[in-house]
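Subject: Structure handover

Hello,

Please find the structure we spoke about below. My notes on it come after.

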Amino acid sequence: MIEQPWQPHRLVSINDHDVKVVKLLGEFVWHTHPDTDEMFFVHSGELTIQLRDRDVVLGPGDVFVVPAGVEHCPKAVEEVSALLFERAGTVNTGDAGGDLTSQVREM
């Protein structure tokens, strides 16, 4: 069970990538992942991926890939359940660090 938002849990690993489940609520931190893309798949709720030049709004069943090096800030006004697909070892806060940095938990 996922209790805290922004704390991803690894569901499975595929080659050198992880599939993580996460609960999202509120606004995250602006950050980048300099060396890897990050894919968001929304299971339930509405997620906004803020980019410096636009916002991308995702609903259930929607997918968006943030390319490596692109600064972004996920935001969820109400609780969102999502899957993340990213290179193993990717830190959730990327280059920003801070209080929301998570240690990946196993399901």
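The notes start with the chain as a whole and then go through strands, core, surface and loops.

This is a predicted model, in which local features need pLDDT of at least 70, side-chain atom pairs count only at pLDDT 80 or more, and totals for chains, interfaces and linings use all residues. Residues are numbered from 1 along each chain as its sequence is written, and side-chain values use heavy atoms, with hydrogens and water left out.

Overall

The chain has 0 helices and 8 strands; helices (H or I, at least four residues) and strands (E, at least two) are DSSP runs, numbered from the N terminus. The order of elements from the N terminus is β-β-β-β-β-β-β-β. Of the 107 residues, 39% are buried (buried means under 20% relative accessible area, exposed over 50%, partly exposed in between, with a 1.4 Å probe and protein chains only). Taking contacts (heavy atoms within 4.5 Å) between residues at least 6 apart in sequence, 65% join residues at least 24 apart. The accessible surface is about 5800 Å², and carbon and sulfur atoms account for 51% of it; areas come from the Shrake-Rupley method with a 1.4 Å probe, and for residues only the protein chains shown count as cover.

Strand pairing

β1 and β2 pair in the antiparallel sense over 5 bridges, where pairing requires that DSSP finds at least two bridges between two strands. In this pair, Val12 has Val19 as its bridge partner in β2, and Ser13 stands opposite Asp18. The hairpin of β1 and β2 has 2 residues between the strands, and Asn15 there takes a positive phi near 55°. β2 is also joined to β7, in the antiparallel sense, by 10 bridges. Asp18 stands opposite Glu86 in β7.

Core

The largest nonpolar core has 17 residues; such a core is a set of buried Ala, Val, Leu, Ile, Met, Phe, Trp, Tyr and Cys residues joined through side-chain atoms within 4.5 Å. The members that touch the most others are Leu24, Phe40, Leu47, Ile49, Leu58, Phe64 and Val80. At least two core residues come from each of β2, β3, β4, β5 (55-58), β6 (63-66) and β7 (72-87). β7 gives the most, with 4 residues. Beyond its neighbours within four places in sequence, Leu24 is in contact with residues including Pro5, Trp6, Leu47 and Val80.

Surface patch

Leu11, Val12 and Ile14 make a nonpolar surface patch of about 240 Å². Patches are made of residues with over 30% relative accessible area and no salt bridge, with like charges joined within 9 Å and nonpolar side chains (Val, Leu, Ile, Met, Phe, Trp, Tyr) within 5 Å; a salt bridge is a side-chain nitrogen of Lys or Arg within 4 Å of a carboxyl oxygen of Asp or Glu. Val12 lies in strand β1 (residues 9-14) and is partly exposed, at a relative accessible area of 41%.

Two loop residues

Thr36 sits in the loop between β2 (17-27) and β3. Thr36 counts as buried, at 9% relative accessibility. Leaving out residues up to four places away in sequence, Thr36 touches Pro67, Ala68, Arg87 and Thr90.

Glu46 is in the loop between β3 (38-44) and β4 (47-51) and is exposed, with a relative accessible area of 52%. With residues up to four places away in sequence not counted, Glu46 touches Val57, Leu58, Lys75, Ala76 and Val80. Glu46 and Glu79 are 33 residues apart in sequence, and their C-alpha atoms are 8.0 Å apart.

Regards
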